[in-house]
Amino acid sequence: MTLDEWGKLSSCVRSLFTVLAIVVGGIFGLCEYFSAKQASKVGNTLNLVDEYYSPPMVKVFRDISSSWDIGYGVLSTIVKNAENPAEEYSTFVKALIKEESLQYNIERLFRFYERVVICVESQVCDAKSARAFFLRDGKTFFRQYYPYVCGMRSRWNDPTIWASVQMYFNPESINKVCS
């Protein structure tokens, strides 16, 4: 091999290594980007978790729970002796909310759950983390207060009120409640 041929071969090898370095660097950069993006989504979800377990929301939970503690004995008696337990339950929940002035707290919690849904659906929050932290509570809350949701939908003649919350947390209830 001549010196000129070695020079051409060397130039080709350098070009090949340069292209290879650029490709590997690009792949590494993409991996870092997606890793940071996922970490950001989890961070946004954890911000919601922090809000969920912080003082304003804790007071909301405490107020709602204490009202249920008071009314649970009455509810079990009503439902046991009722011809139409679902209707009696609905009447009981609406009366409890009104008597205990829970409207603000109920709506605040529904708005929070709606924010969770928006955050997940817009891919700002991590769906898996959000489900792990909020799905059980959100589903229980919707099942417990669906009579209030139905009342709001009827009052405002708007079947979409908290529909996203229902779809995310309790999809099996679609077309079964508020009909």
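(Helices here are DSSP runs of H or I with at least four residues, strands are runs of E with at least two, and both are numbered from the N terminus.) Most residues other than glycine have a negative phi, and most peptide bonds are trans. Gln-123 is not a glycine, yet its phi is positive at about 60 degrees. You'll find Gln-123 in the loop between H4 and H5, where it is exposed with a relative accessible area of 56%. (Buried means under 20% relative accessible area, exposed means over 50%, and partly exposed is in between, with a 1.4 Å probe and protein chains only.) Trp-162 is also a residue other than glycine with a positive phi, near 55 degrees. Trp-162 sits in the loop between H5 and H6, but at 8% relative accessibility it counts as buried.

Before going further, a word on what you're looking at. This is a predicted model, so local features need a pLDDT of at least 70 and side-chain atom pairs count only at pLDDT 80 or more, while totals for chains, interfaces and linings use all residues. Residues are numbered from 1 along each chain as its sequence is written, and side-chain values use heavy atoms, with hydrogens and water left out.

How confident is the predictor? The pLDDT, its confidence in each residue from 0 to 100, averages 85 over the protein chain, and 83% of the residues score at least 70. Confidence is lowest in helix H1 (residues 3-52), with a mean of 71, and highest in helix H4 (residues 103-121), at 96. Where pLDDT is low, the predicted coordinates should not be read in detail.

Now the overall layout. The protein chain has 6 helices and 0 strands, giving the pattern α-α-α-α-α-α along the sequence. Of its 179 residues, 32% are buried. Contact means heavy atoms within 4.5 Å, and among the contacts with a separation of 6 or more, 75% are between residues 24 or more positions apart. The chain exposes about 11600 Å², with 60% of that supplied by carbon and sulfur atoms; accessible areas come from the Shrake-Rupley method with a 1.4 Å probe, and for residues only the protein chains shown count as cover.

Back to H5, then, which is residues 127-156. How does its span compare with that of a straight helix? A straight helix of 30 residues would span 44 Å at 1.5 Å a residue, but H5 spans only 31 Å between its end C-alpha atoms. (The expected span is 1.5 Å times one less than the number of residues.) H5 has a kink of about 65 degrees at Tyr-145, shortly before the proline Pro-147. (The bend at a residue is the angle between axes fitted to the seven residues ending there and the seven starting there.)

Helix H2 (residues 55-80) also has a kink, of about 45 degrees, centred on Gly-71. Even so, the end C-alpha atoms of H2 are 37 Å apart, which agrees with the 38 Å that its 26 residues should span at 1.5 Å a residue. Gly-71 is one of the buried residues of H2, along with Met-57, Val-60, Ile-64, Ser-67, Trp-68 and Leu-75.

The structure holds 2 disulfides, a disulfide being a pair of cysteine sulfur atoms within 2.5 Å. Cys-150 and Cys-178 form one, with their sulfur atoms 1.9 Å apart. This pair links distant parts of the chain, with Cys-150 in H5 and Cys-178 in the segment after helix H6 (163-169), 28 residues apart. Cys-150 is buried at 16% relative accessible area, whereas Cys-178 is partly exposed at 33%. The link is left-handed, with -90 degrees about the S-S bond.

The other disulfide joins Cys-119 to Cys-125, S to S 1.8 Å. Its torsion about the S-S bond is about 70 degrees, so it is right-handed. Cys-119 is buried at 12%, and so is Cys-125 at 3%.

Finally, two buried spots. Ala-130 is found in H5 and is buried at 2%. Setting aside residues up to four places away in sequence, Ala-130 touches Thr-45, Val-116, Val-120, Leu-135 and Tyr-168. Asn-170 lies in the segment after H6 and is buried at 4%. Beyond its neighbours within four places in sequence, Asn-170 contacts Lys-139, Phe-142, Arg-143 and Val-165.

Definitions and conventions. pLDDT is the predictor's confidence in each residue, from 0 to 100.
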